[in-house]
Amino acid sequence: MAVERILAESLLDINAVLLRPDSPFTWASGWHSPIYCDNRRILSHPELRSRVACWLASKALELYPEAEIVAGVATGAISHGVLAADRMGKPFVYVRPKPKDHGTGSQIEGELPKGAKVVVIEDLVSTGMSSLAAVSALRDAGAEVLGMVAVFTYGFDLASERFAEAGVRLDTLSNYTALVGVAAETGYITEAHKEILAQWRKSPDTWGK
């Protein structure tokens with residue numbers, strides 16, 4: 001069975017997929033959504049946490065064997081990133097959304113030599129804005145970003161366009177299509193939910209407004 005389906009089933013098993021059509025979630029981008037994939041729940045399940053770390057490490061090593069450093073996007077991907085880096089035997093840094101307003105004022109925490117080849121680990125990609133902001137910070141610091149490996153993506157066209165424009169390859173362990181497919185097969189979502197999700201997917205930037 002493909003990793004994307006195994007992970008989708010696991011996310012459903014640990015109740016990491018939240019449905020709230022009547023009280024939608026609001027993302028940092030301002031978009032409203034009837035569904036939310038909470039990958040932080042993975043951290044509370046040791047077996048799944050370990051599997052996800054191994055999957056991330058394996059994919060990163062397969063795609064970017066020349067990677068010298070693993071960078072996690074704060075805050076959600078710090079834990080996944082450091083676990084993957086440990087399995088890869090690589091140094092780890094993480095990237096804040098913005099420079100901190102105290103101490104050193106750093107945005108990137110850890111040692112990042114100029115010219116270092118970096119693979120970025122992300123937990124979830126929605127619009128791509130925060131993920132690519134981290135890439136921009138790494139590039140500004142002199143790193144060579146090889147690509148990004150994420151746990152999950154909603155697969156929006158807008159995000160794909162943004163990654164293409166930034167020249168960043170994105171690979172993920174699982175995705176929205178696999179998740180909704182498994183959820184429908186197992187009865188996790190109803191026919192009514194499927195219709196709501198279909199309407200949302202048609203216009204996620206305006207849905208619920």
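1. The crossing of helix α1 with helix α6 is right-handed, a crossing being called right-handed if the near helix is turned clockwise from the far one by less than a right angle, and left-handed if anticlockwise. In this predicted model, local features need pLDDT of at least 70 and side-chain atom pairs count only at pLDDT 80 or more, whereas totals for chains, interfaces and linings use all residues. Residues are numbered from 1 along each chain as its sequence is written, and side-chain values use heavy atoms, with hydrogens and water left out.

2. The axes of α1 (residues 3-13) and α6 (residues 176-186) come within 9 Å and cross at roughly 60°; axes are lines fitted to C-alpha atoms, for helices over the stretch in contact, and angles run from 0 to 180 degrees between N-to-C directions. That angle makes α1 oblique to α6, on a scale where under 35 degrees is roughly parallel, over 145 roughly antiparallel, 65 to 115 roughly perpendicular and the rest oblique. Helices (H or I, at least four residues) and strands (E, at least two) are DSSP runs, numbered from the N terminus.

3. On the α1 side, Glu4, Arg5, Ala8, Glu9, Leu11 and Leu12 meet Ala178, Leu179, Val182, Ala183, Glu185 and Thr186 of α6, contact meaning heavy atoms within 4.5 Å. By class, this contact of α1 with α6 has seven nonpolar, one polar and four charged residues, where Ala, Val, Leu, Ile, Met, Phe, Trp, Tyr, Cys and Pro count as nonpolar, Asp, Glu, Lys and Arg as charged, and the others, Gly among them, as polar.

4. Helix α1 also packs with α2 (residues 46-63), at an angle of about 155° and with the axes 12 Å apart, which makes α1 roughly antiparallel to α2. The crossing of α1 and α2 is left-handed. Val3, Ile6, Leu7 and Ser10 of α1 and Leu48, Arg51, Val52 and Trp55 of α2 make the contact, and the residues of this contact of α1 with α2 comprise six nonpolar, one polar and one charged.

5. Six strands form an open sheet of mixed pairing, in the order β7-β6-β5-β8-β9-β10, two strands being paired if DSSP finds at least two bridges between them. Because β7 (108-109) and β10 stand at the edges, each with a single partner strand, one side of each is left without a neighbour in the sheet. Helix α1 packs on this sheet, touching β9 and β10, and its direction makes about 50° with that of β10.

6. Strands β9 (residues 144-153) and β10 (residues 170-175) pair in the parallel sense over five bridges, and Val149 has Asp171 in β10 as its bridge partner. From β9 the chain crosses through helix α5 (residues 157-166) to β10 in a right-handed β-α-β crossover.

7. Phe92 lies in strand β6 (residues 92-95), and its C-alpha atom is separated by 7.6 Å from that of Gly72, 20 residues apart along the chain.

8. Two backbone details deserve a look. A cis peptide bond, with omega about 0°, joins Ala74 and Thr75, and Thr75 is placed in the loop between β5 (69-73) and α3 (76-88). Asn15, in the loop between α1 and β1 (17-19), has a positive phi of about 60° although it is not a glycine.

Technical notes
Right-handed = clockwise from strand over helix to strand, strands pointing away.
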